[in-house]
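Try each task before you read its solution.

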Amino acid sequence: MQLNHVRRALASATCALLGGHASAAPDGGDGWSVESAVLYYGEKDRVQVLEPTLFASRELDDENRLVVRGVVDVMSGATPNGAVPTDTPQTFTTASSRYTVDADAPPRMDFEDLRLAFGFDWERTGEGGDRRLLTGDVSVETDYLSMGGGGTWSWDTRDRLTTLSLGVGGNFDWVFPGGGPPAPLDPLDGAAALHLIQEEDDDDDEGEGGEGGFEEGEARYGVNTLLGVTQVLSRGALLQLNWTHAEQGGYLDDPYKLLSVVGADGRPVGYRWESRPDRRSSDALFGRLVWQLPLLHHVVHLGYRYYRDDWGVEANTTDLKYRIDLGRRLYLQPHLRYHRQGAADFYRYYLVAGEPLPDHASADYRLAEMESRLAGLKVARETKSGEMALRLEYMVQSGESHPDGAPGILTGYDLYPDLEAVMVQFTWSFRF
Amino acid sequence: MGDPHPIVRPLELRFDHHHWRGHFAAMGCPCEVLLAVESEEAARRLLGIAAAEAWRIEQKYSRYRDDNIVRRINRAAGEWLTVDEETARLLDYADLCHRLSEGRFDITSGILRRVWRFRKDAAPPAPEAVEALLERVGWEQVEWRSPRLRLPEGMEIDLGGIGKEYAVDRVAGLLAGREAMGYVVNFGGDLAVRGLRSNREPWVVGIRNPRTPSAGPVATLRLTGAGLATSGDAERYLEFQGRRYAHILDPRTGWPVEEAPASVTVLADNCTEAGMLATFAMLHGAEAERFLEAQGLRHWVFRA
Amino acid sequence: MRGRAAAGALGVLLLLVQGCAVQEVKPWERDLLAERRMQLEPSALDAFLDLHIYISKEAASGGYGVGGGGCGCN
């Protein structure tokens, strides 16, 4: 008999024995369990976000569990507008703003915004042990509204070693940037001039686009589906495989992103708004292994995702979390993540003056070919209702800074400056 | 089969320093519940809940009754039988314990009592008699596909080795979340402790050496959530021709475990776990202490 | 090429499934799997916050579940 193994096996079997109910029903509902966190996300010279978050969950009875969540994002800073740097100051005039960028500086737009998001999960366990999960989410920003929901149905087969899941979800978003969404590939100043004329006609005050609200907005919608299998591999290992498919439609542009139109010397002769297709169809294959190392009892969470869509983006993402328990309650969890993506077909650093306009073009750095590396560490102490934890992470995104064939002075600029970000998250849980 | 007859016996309740102390009889032993509650009314209600559950379990799993599931299983030997969910959980548990103890713990071993009589003046059985019975012992011969069971003909099961500790934990579970700030459920020395006394102090439990009960406790424990159980019976053994035979039988041989301790007491998270580890330790005989040390739990082993 | 790398990685996962040959795990042997740290998503909160960051900084999304709210994030 492996002596020290006995107690552990016995303890869990005893729980199973005593956990079930016999003749008398246990009392339902023992209050809310709350997990709250504050996340600071800060990019070097770019965006800063402070994000207080609250998750509250409650067992309504033996079968029903409810989770409600709320998030506030306080965002500020500067985000790349898509233009390339040049050797003179650049002024960007849009319907709602006018800003100037220093010579030789990467063009960025200052912004401030507040986002409020609320959501819920309602999980119901059926008599046969199947689980139905219903989720709903709403989020609001000054220029964006999003509503989403979904349902996932999971059931076990084969002695509860295999779980199959089917899910379907959808979202409906509304984009209403100040001054209305720009027309795709329109020259920048033209759009602004057009808007000024309108204002004079209406004899209205300089509305920030909030007025007239939805009339000056565009809709975006999507449907996504999930097919999943979770397999218990052994006493200490679990594997999940998911395939998700998403169809998006409507206004998929970023209303703040533009492209420089450069001449043969690499200097900008104008700017145009970006343009993306109004449909996007994507697939993701995701696998995740949860494995408790024998003897050490460390826990590995290894995730891998392959993604591709009909915009030509292909991406591989690997995520590793390695949990090391120190004593009964304390643990350390290093985190490594590596993401590598190819560019969308219509991604370009700039447009070239005199060349015919493409149907679609975007200089959004997120659609470029790039790789993102992340390293982090979480130190946590488990409590009855969750944990108290501090998480520090550092992320760097880098792409091709000097693309082939850049004309004139552009060869001397970094056209894809690294994005460096730190995340500091403090989490604590309580019950009431 | 007619309706089982529910058990009803007298309840006793009195106030004792900082708590109410209730008494009743179940499973062949004195049962006691200490309750940190204000009113007598609440104490009486909780005592009623405790007694009803203990009697329910006794009624359902006692091997001395002829109207329960144990009898039904034993009568159906040779045929498939579907058992209820609670019984299935107990059988799952017994199955695991059998494997964890490498066959030392076996709910089919009760049949050996037919030849073993643990009285001081009794003689040990003839080896042939033990040998003959041994063919009818062994959980590995039982087909258990939860919730369906098929006991080979001639075999019997007895859940007595789990029942009392299980009842203690069941009662402790039923009292949770009610009026009591804390309570102790004590069924013949196997107990579960939860919460605090009315004076906001932990419950105090003393452990005595069963060989020298008047000498005062060898340990005094202050507990707020734990299970404590004892295996072994210092008074029950048989002595024959200078040899002492312990009360505990090894189902693999049909003979008493050699060099078994007089008693083993284990402190664990709950009474069932404590009881099973104490039983395993007894079954390890001379190795009892070594087994318990490997489990990393507080324990007290007394040897004659 | 990337596609081949992806196929390779998926192959490894599938091999894992078959290689481990799925041992039988009895209900009482689920002690490890029942631990919170062995759940697919031990901290829903961390996952929620991470997902929001990755979605707003990368071109890829999906794979984890359905539904969820979007954002006009920068």
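Helices (H or I, at least four residues) and strands (E, at least two) are DSSP runs, numbered from the N terminus. This is a predicted model, where local features need pLDDT of at least 70 and side-chain atom pairs count only at pLDDT 80 or more, while totals for chains, interfaces and linings use all residues. Residues are numbered from 1 along each chain as its sequence is written, and chains are lettered from A and ligands numbered from 1 in the order in which they are written.

**Exercise 1.** Work out how many helices and strands chain B has, and what share of chain B is buried.

*Solution.* Start with the DSSP runs: chain B has 7 helices and 17 strands. Next, burial: a residue is buried if 20 or more other C-beta atoms, placed from the backbone, lie within 10 Å of its own. By that count, 44% of the 304 residues of chain B are buried.

**Exercise 2.** Find which residues of α1(B) meet α5(B), and describe how the two helices cross.

*Solution.* Take the axes first (lines fitted to C-alpha atoms over the stretch in contact, with angles from 0 to 180 degrees between N-to-C directions). Those of α1 (residues 40-61) and α5 (residues 160-175) of chain B come within 9 Å and cross at roughly 150 degrees.

Now list the contacts (C-beta atoms, placed from the backbone, within 7 Å). On the α1(B) side you'll find L46(B), I49(B), A50(B), E53(B), A54(B), I57(B) and Y61(B). They meet G163(B), Y166(B), A167(B), R170(B), V171(B), L174(B) and L175(B) in α5(B).

Finally, sort by class: Ala, Val, Leu, Ile, Met, Phe, Trp, Tyr, Cys and Pro are nonpolar, Asp, Glu, Lys and Arg charged, and the others, Gly among them, polar. That gives 11 nonpolar, 1 polar and 2 charged residues.

**Exercise 3.** Which element of chain C gives the most residues to the side that touches chain A?

*Solution.* Count the contacts first: 44 residues of chain C touch 85 residues of chain A. Then go through the elements giving two or more residues: α1 (2-19), α2 (31-34) and α3 (44-57) of chain C. α1(C) gives the most, with 9 residues.

Note on methods: A residue is buried if 20 or more other C-beta atoms lie within 10 Å of its own, exposed if 12 or fewer, and partly exposed in between; C-beta atoms are placed from the backbone. Two residues are in contact if their C-beta atoms, placed from the backbone, lie within 7 Å.
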